[in-house]
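Student: I would like a close look at one part of this model, taken step by step. Please state the criteria behind each term as it comes up.

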Amino acid sequence: VLTGLRHVDSGYVSIFGYECNERNEKVLEKTGVVFDSRDVLPAELTAEEYWELIAKMRSSKNKHNKNQLLESAYKYAAELEFDYFSRLIGDLSLGNAKKVQIIGAIMHGPEMLIMDEPTSGLDPRSTYLCEQLIESLKKKSCIIVASHDIRWAQENADAIYIMHDGKIVRSGDVKDVIGDSGRLIDTYMDISENHR
């Protein structure tokens with residue numbers, strides 16, 4: 001809905017003051033998206049070719065400089081310890097394909113970053129590096145993460161929104177949502193028990 005790929009069933013959603021009922025170029029210019037699927041990536045391109053394509057698209061409206069975007073991509077690749085630049089994306093492991101997608105989503109410095117299960121498929125070291133990268137991006141971007149990883153949410157989120165059947169059933173900063181239980185999983189289990 002936030003990226004204009006799906007329409008709202010009811011209500012109103014806006015980002016940066018723009019309604020999100022259709023694909024809005026002004027919203028897309030300021031947004032980066034990481035899906036929980038490698039199917040959104042062109043398997044027949046290399047990582048370098050994919051980032052060049054993203055840089056070309058992002059710079060076509062003179063909003064960004066293509067060379068600066070590519071420099072940014074390689075900087076983030078170094079931070080995520082990714083160095084399979086000339087290997088086809090379709091031949092990469094799930095974790096490395098996820099890194100390619102993350103880099104493509106952040107290379108233009110989005111004001112809003114939407115991530116679906118950002119660490120799925122990553123090994124423990126890559127998960128740590130990704131967490132460090134997300135933490136550094138929080139200084140410049142609003143980051144929305146959809147995740148089923150309760151531990152990850154408790155350790156990394158500033159605010160939590162627990163949803164059930166498309167509705168927010170609990171929200172607030174992490175300490176408020178956790179409450180006296182001390183663990184987000186306990187809060188989640190209590191909520192899920194009440195909504196069975």
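**Helix packing and the aromatic cluster**

Tutor: Helix α2 (residues 47-59) packs against α3 at an angle of about 140°, and their axes are 9 Å apart. The model is predicted, so local features need pLDDT of at least 70 and side-chain atom pairs count only at pLDDT 80 or more, while totals for chains, interfaces and linings use all residues. Residues are numbered from 1 along each chain as its sequence is written, and side-chain values use heavy atoms, with hydrogens and water left out.

Helices are DSSP runs (H or I, at least four residues), as are strands (E, at least two), and both are numbered from the N terminus. Axes are lines fitted to C-alpha atoms, for helices over the stretch in contact, and angles run from 0 to 180 degrees between N-to-C directions. The angle given above makes α2 oblique to α3; under 35 degrees counts as roughly parallel, over 145 as roughly antiparallel, 65 to 115 as roughly perpendicular, and the rest as oblique. The crossing of α2 past α3 is right-handed, a term for a near helix turned clockwise from the far one by less than a right angle, with anticlockwise being left-handed. On the α2 side, the residues that meet α3 include Glu48, Trp51, Ala55 and Arg58, and their counterparts in α3 include Leu69, Ala73 and Tyr74. Contact here means heavy atoms within 4.5 Å.

Helix α2 also packs against α4, at about 20° and with the axes 10 Å apart. These two helices are therefore roughly parallel to each other, and their crossing is right-handed. The contact is made by Ala47, Tyr50, Trp51 and Ile54 of α2 with Val100, Ile103 and Gly104 of α4.

Trp51 leads on to the rings: together with Tyr74, Phe82, Tyr84 and Phe85, Trp51 forms one aromatic cluster. The whole structure holds six aromatic pairs. Rings of Phe, Tyr and Trp (its six-membered ring) pair if their centres lie within 6.5 Å; planes under 30 degrees apart are stacked, over 60 edge-to-face, and the rest tilted. Tyr74 and Phe85 have ring centres 5.2 Å apart and planes at 65°, so their pair is edge-to-face. This pair links distant parts of the chain, 11 residues apart: Tyr74 lies in α3 (residues 66-79), and Phe85 in the loop between α3 and α4 (94-106). Tyr74 is partly exposed at 30% relative accessibility, and Phe85 is also partly exposed, at 23%. Buried means under 20% relative accessible area, exposed over 50%, and partly exposed in between (1.4 Å probe, protein chains only). Phe82 and Tyr84 likewise form an edge-to-face pair, 5.9 Å centre to centre with 75° between the planes. Phe82 is buried at 2%, whereas Tyr84 is partly exposed at 30%.

Thr31, found in strand β3 (residues 31-34), is buried at 4% relative accessibility. Not counting residues up to four places away in sequence, Thr31 touches Phe16, Arg58, His108, Pro110, Met112 and Ile114.
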